[in-house]
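Student: I have a structure open and would like to learn how to read it. Could you take me through it, one feature at a time?

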Amino acid sequence: MQRQSAQRHRVNRVVNFAYENLAESLDLDQLAEVACLSKYHFLRVFSRYQRESPVQFLWRLRLERAARSLVIRQESSITDIALDCGFSCSQTFSRAFRRQFGIAPRALRSKECRTF
């Protein structure tokens with residue numbers, strides 16, 4: 001039981017770190033270091049508790065933050081929002097956004113799509 005609690009604490013530390021540094025280029029080695037675990041053990045532990053890989057988790061967080069920003073920050077360009085959320089370019093962001101939510105980032109900003 002104590003081991004599970006310690007592992008959960010390490011995963012939570014990584015989740016908090018990811019939220020605080022989402023715009024940065026985060027890799028598996030860096031996240032494993034935050035968790036104080038080897039890369040391979042971290043990958044297994046993180047996936048067990050979060051039910052998704054660290055990479056999937058980061059992409060999901062970035063896309064969710066971008067979706068909120070697209071609605072709230074109407075004055076910002078889609079490219080600026082993509083870069084602020086840690087994507088390397090707007091094309092990568094647009095493809096990932098469409099795959100995750102089923103609509104284009106520009107469509108989310110339109111008035112017809114406010115039920116998103």
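Student: Is Arg73 buried, partly exposed or exposed?

Tutor: Keep in mind that this is a predicted model. To place a residue, look at its relative accessible area: under 20% is buried, over 50% is exposed. Arg73 has 25%, so Arg73 is partly exposed.

Student: Which side chain does Arg73 meet in a salt bridge?

Tutor: Look for a side-chain nitrogen of Lys or Arg within 4 Å of a carboxyl oxygen of Asp or Glu. Arg73 and Asp84 meet in this way, at 2.8 Å from N to O. Asp84 lies in helix H5, and Arg73 lies in the loop between H4 and H5, so the pair ties together parts that are eleven residues apart in sequence. Asp84 is partly exposed, at 39%.

Student: How many salt bridges are in the whole structure?

Tutor: A search finds four. One of them pairs Lys39 with Asp29, at 3.6 Å from N to O. Lys39 belongs to helix H3 (residues 39-50) and Asp29 to helix H2 (residues 28-35), so this bridge links parts ten residues apart in sequence. Lys39 has a relative accessible area of 29% and is partly exposed. Asp29 is partly exposed too, at 44%.

Student: What separates Arg60 and Glu64 along helix H4?

Tutor: They are four residues apart, which means about one helical turn. Their side chains meet in a salt bridge of 3.2 Å, N to O. Arg60 is partly exposed at 24%, and Glu64 is partly exposed at 28%.

Student: Which residues do salt bridges with shared partners join into one network?

Tutor: Glu52, Arg60 and Glu64.

Student: What is Phe46 in contact with, leaving aside neighbours within four places in sequence?

Tutor: Its contacts include Val11, Val14, Val15 and Phe57. Arg51, Glu52, Ser53 and Pro54 are in contact with Phe46 as well. Asn12 and Phe46 are 34 residues apart along the chain, yet their C-alpha atoms are separated by 9.2 Å. Asn12 lies in helix H1 (residues 2-20). Asn12 is partly exposed, at 33%.

Student: What span should the twelve residues of helix H6 have?

Tutor: At 1.5 Å a residue, H6 (residues 90-101) should span 16 Å. Its end C-alpha atoms are 16 Å apart, which agrees.

Student: Which residues of H6 are buried?

Tutor: Phe93, Ala96 and Phe97 are buried in H6. They cover an arc of only 105 degrees around the axis, which puts them on the same side of H6. The face turned away from that buried side carries the exposed residues Arg95 and Arg99.

Student: What covers the buried residues of H6?

Tutor: The cover includes helix H4 (54-72), helix H5 (78-84) and helix H7 (105-109).

Student: Which residue follows H6?

Tutor: Gly102 follows H6, and its phi is positive, near 80 degrees.

Key. Residues numbered from 1 in each chain as written. Predicted model: local features only at pLDDT ≥ 70, side-chain atom pairs only at ≥ 80, totals over all residues. Heavy atoms only, no water. Helix = DSSP H or I, 4+ residues; strand = E, 2+ residues; numbered from the N terminus. Buried < 20%, exposed > 50% of the residue type's maximum accessible area, 1.4 Å probe, protein only. Expected span 1.5 Å × (residues − 1). Arc of directions from axis to C-beta. Contact = heavy atoms within 4.5 Å.
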